[in-house]
Amino acid sequence: MGDKGAMDKMKGKAKQKAGKAMGDERLKGEGRTDEAKGRAKGAMSDAKENLQGMKDSLKGKSRS
């Protein structure tokens, strides 16, 4: 997991497992929220990279 939201995704999964083990629905919900936040951060990071690539190709630059 190299994207910017990897830590949130891992934290969310851990909270979900802990919530399930303890029977804590609130903790499980927090985990789902953290995991979704991590996925959103990763998607935004990917979108920024794609946008930069399109800008570079329109300007005739090669990405190294």
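Let me start with Asp8, which counts as buried because its relative accessibility is 9%, where buried means under 20% relative accessible area, exposed over 50%, and partly exposed in between, using a 1.4 Å probe and protein chains only. Please keep in mind that this is a predicted model, in which local features need pLDDT of at least 70 and side-chain atom pairs count only at pLDDT 80 or more, while totals for chains, interfaces and linings use all residues. Residues are numbered from 1 along each chain as its sequence is written, and side-chain values use heavy atoms, with hydrogens and water left out.

Asp8 sits in helix H1, residues 6–22; helices here are DSSP runs of H or I with at least four residues, strands are E runs of at least two, and both are numbered from the N terminus. What does the side chain of Asp8 make a polar contact with? The partner is the side chain of Lys41, at 2.8 Å, a polar contact being a pair of N or O atoms within 3.5 Å, of which, within protein, one must be able to donate a hydrogen and the other to accept it, and residues adjacent in sequence count only if both atoms are side-chain atoms.

Leaving aside neighbours within four places in sequence, Asp8 is in contact, meaning heavy atoms within 4.5 Å, with Asp34, Glu35, Lys37, Gly38 and Lys41. Asp34 belongs to helix H2, residues 25–59, and counts as buried because its relative accessibility is 8%. With the same exclusion of neighbours within four places, Asp34 contacts Asp8, Lys9, Lys11, Gly12 and Lys15.

For the protein chain, there are two helices and zero strands, and buried residues make up 27% of its 64 residues.
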